[in-house]
Amino acid sequence: MPLWLDLLVRVVAVVVGFLVLPLLVGQAEHKVMAHMQGRLGPMYAGAYHGWAQLVADGVKFVQKEDITPRDADRGVFRLAPIVALFPYLLILLAIPLGPGGLVAQPLDIGLFFVLAVLGVGVLAVLMSAWASGNKYSLLGGLRGAAQLLGYELPLVLSAASVAMAAGTLSLPGIVEAWKPWWLLWQAPAAIIFFVAGLAEIRRPPFDMPIADSELVFGYMTEYTGLRFAFFLLAEYVGIIVIAALTTVLFLGGWHGPFATHLGWLWTLVKIFALSFVIIWFRVAYPRLREDQLQRLCWLVLVPVALAQLVLTAAVKLAM
Amino acid sequence: MSDDGERGTPGKGLVQGLAVTLKTMTKRSTTRQYPDVEPELPPRSRGVIALLEENCTVCMLCARECPDWCIYIDSHKEEVIVPGAARARQRNVLDRFDIDFSLCMYCGICIDVCPFDALHWTPEFEYAETDVLDLLHDKNRLGEWMRTVPPPPAHDVLGEPSKEEATASRKAAGPGAAKQAQANVRRPAATTAERPSRASQKPGEPAADSPQAPQGIDSDSPPPEPPK
């Protein structure tokens, strides 16, 4: 296979995944949330149980007027949704789907790259918040900045723990080194990574920056049409990304029965199971107050993550 | 993490929250898909009021008792020549019978006070209009609702017979048979379920064989004289 064709196939595959997986998660969220609340959810779009609801939403968003407020900083305001969405696309490039190099771009420092790009999210929040010229947006943006910077720490520490255990920063390398008993050994790190990841993508119960009951819609207040749809898409791709990273780092990625042939399926199954849990959390838990949110981060997650690092190092030395 | 004073097992509340939502997900949802699926209304639902014009004698009780005066009735008198009678009789003819459902509060007093069963509840409720003036239903429209009036529930077999039935059966059985008549009146209760075609009801039971047909159905026929 010539190089250009190889590249094309990989990029197209990632873009298709980038567009299809969030739709699946979004539809699952509609339906799961509805049934958890004793409702039915969308039933009309697409004739069969509303399967085309998100497509219809997309068409609606495209038709809406694209408004930039007069007091907004035009350039930054318009750039922010792209900045919110694009890092997730880059992360999907580095996530291994199955064994034998089934990854769009194998990177030796994959984990480092992924965490660095994930950190760009805070930039999009601040850009949209400041550029909107709206007090609700600004409040939401500052909350978001405080939250994202705070939760970055336990996220990175817990990821460092598993990297230390595997002895590599390469994501496929980590999955290959993974053993089932790591589930127990790395359990605190896994939980911390998942919770901090939830906070990173601003999903309930960590949606204080959006907090629609007090801040209208946080940093997204002034957005309409396609730009708002980009933010929503970013949220759903964020679910995929966090679920995929947790899968790859802590749940053994493609490991499972018949992994050599069905490895990709195992990865997808684990990703969707974690996405379900993310949706489940949203339905079950009320939003954390700002002080509770920071307290959870600094007084619970960070110390436990540090303790996990010590534990990992001790076990690693003892082996 | 929590600031509240009462502390149980840590994380118990979190697990309980997840359990509640998961349990709800496995149950059937309570959503009624109304426009696609007809709702199952309870018996005696109050949807709209139907008018059986033949039963109306223009006694005006309904219009007078209506708390918000939403019933409008016009009528005129007509002479009916009864062959063999000494003089012509008069009867009321209904010209107009409107109920304004934009005012009606569905108290059902008109139906309760109607002595001749001319007004009925029907469970039909889909008569919303885009213009409020169209909520004034005239007697033709009210008459059309009669098709949707459900049969009344059967009498309680264990309940006491109505006074009319008891008297009638006692009369039919003759003097001194009051004891037996009491036992018999229980049975015709079941046959009275076939309303609203009560005017055509045949007194099938031997015990109820007497002028117990409801009075006032045909307002032009003189009320039957109770036999002396």
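This is a predicted model: local features need pLDDT of at least 70, side-chain atom pairs count only at pLDDT 80 or more; totals for chains, interfaces and linings use all residues.
Chain B has 7 helices and 5 strands, where helices are DSSP runs of H or I of at least four residues, strands are DSSP runs of E of at least two, and both are numbered from the N terminus. Read from the N terminus on, the elements of chain B follow the order α-β-α-β-β-α-β-β-α-α-α-α. Residues are numbered from 1 along each chain as its sequence is written, and chains are lettered from A and ligands numbered from 1 in the order in which they are written.

Staying with chain B, 15% of its 228 residues count as buried, a residue being buried if 20 or more other C-beta atoms lie within 10 Å of its own, exposed if 12 or fewer, and partly exposed in between, with C-beta atoms placed from the backbone. Among the contacts in chain B with a separation of 6 or more, 70% are accounted for by residues 24 or more positions apart; two residues are in contact if their C-beta atoms, placed from the backbone, lie within 7 Å.

Two loop residues of chain B deserve a look. B:Arg44 sits in the loop between helix 1 (12-26) and strand 1 (48-51) of chain B, and B:Arg44 has a positive phi of about 60° although it is not a glycine. B:Arg44 counts as exposed because it has 11 C-beta neighbours inside 10 Å. B:Gly84 belongs to the loop between strand 2 (71-80) and strand 3 (89-100) of chain B, and with 4 C-beta neighbours inside 10 Å B:Gly84 also counts as exposed. From C-alpha to C-alpha, B:Gly84 and B:Glu126 are 50 Å apart in space, and they are 42 residues apart in sequence.

Next, the interface. The contact between the chains takes 10 residues from chain B and 16 residues from chain A. On the side of chain B that touches chain A there are 3 nonpolar, 7 polar and no charged residues, with Ala, Val, Leu, Ile, Met, Phe, Trp, Tyr, Cys and Pro counted as nonpolar, Asp, Glu, Lys and Arg as charged, and the others, Gly among them, as polar.

Turning to chain A, the domain assignment gives domain 1 (21-63) and domain 2 (68-318), the bounds coming from an automatic or database domain assignment. The C-alpha centres of these two domains lie 24 Å apart, and their contact takes 13 residues from domain 1 and 14 residues from domain 2 of chain A. On the domain 1 side, helix 1 and helix 2 (53-63) of chain A each supply at least two residues, and the largest share, 9 residues, comes from helix 1 of chain A. By class, that side of domain 1 has 9 nonpolar, 3 polar and 1 charged residues.

Now the helix pairs of chain A. Helix 1 (residues 3-36) and helix 11 (residues 259-284) of chain A pack at an angle of about 45°, with their axes 10 Å apart; the axes are lines fitted to C-alpha atoms, for helices over the stretch in contact, and angles run from 0 to 180 degrees between N-to-C directions. Helix 1 of chain A is therefore oblique to helix 11 of chain A, since angles under 35 degrees count as roughly parallel, over 145 as roughly antiparallel, 65 to 115 as roughly perpendicular and the rest as oblique. The residues making this contact include A:Val25, A:Glu29 and A:Met36 of helix 1 and A:Phe276 and A:Arg282 of helix 11 of chain A, and the contact residues divide into 8 nonpolar, 1 polar and 2 charged.

Helix 5 (residues 121-131) and helix 6 (residues 135-166) of chain A pack at an angle of about 165°, with their axes 8 Å apart, which makes helix 5 roughly antiparallel to helix 6 of chain A. The contact residues include A:Gly121 and A:Trp130 of helix 5 and A:Gly140, A:Gly141 and A:Gly144 of helix 6 of chain A, and they divide into 9 nonpolar, 6 polar and no charged.

Finally, one loop of chain A. A:Pro205 is found between helix 9 (187-200) and helix 10 (225-250) of chain A, and the peptide bond from A:Pro204 to A:Pro205 is cis, with omega near 5°. A:Ala211 is in the loop between helix 9 and helix 10 of chain A, with a positive phi near 30°, and A:Ala211 is buried, with 20 other C-beta atoms within 10 Å.
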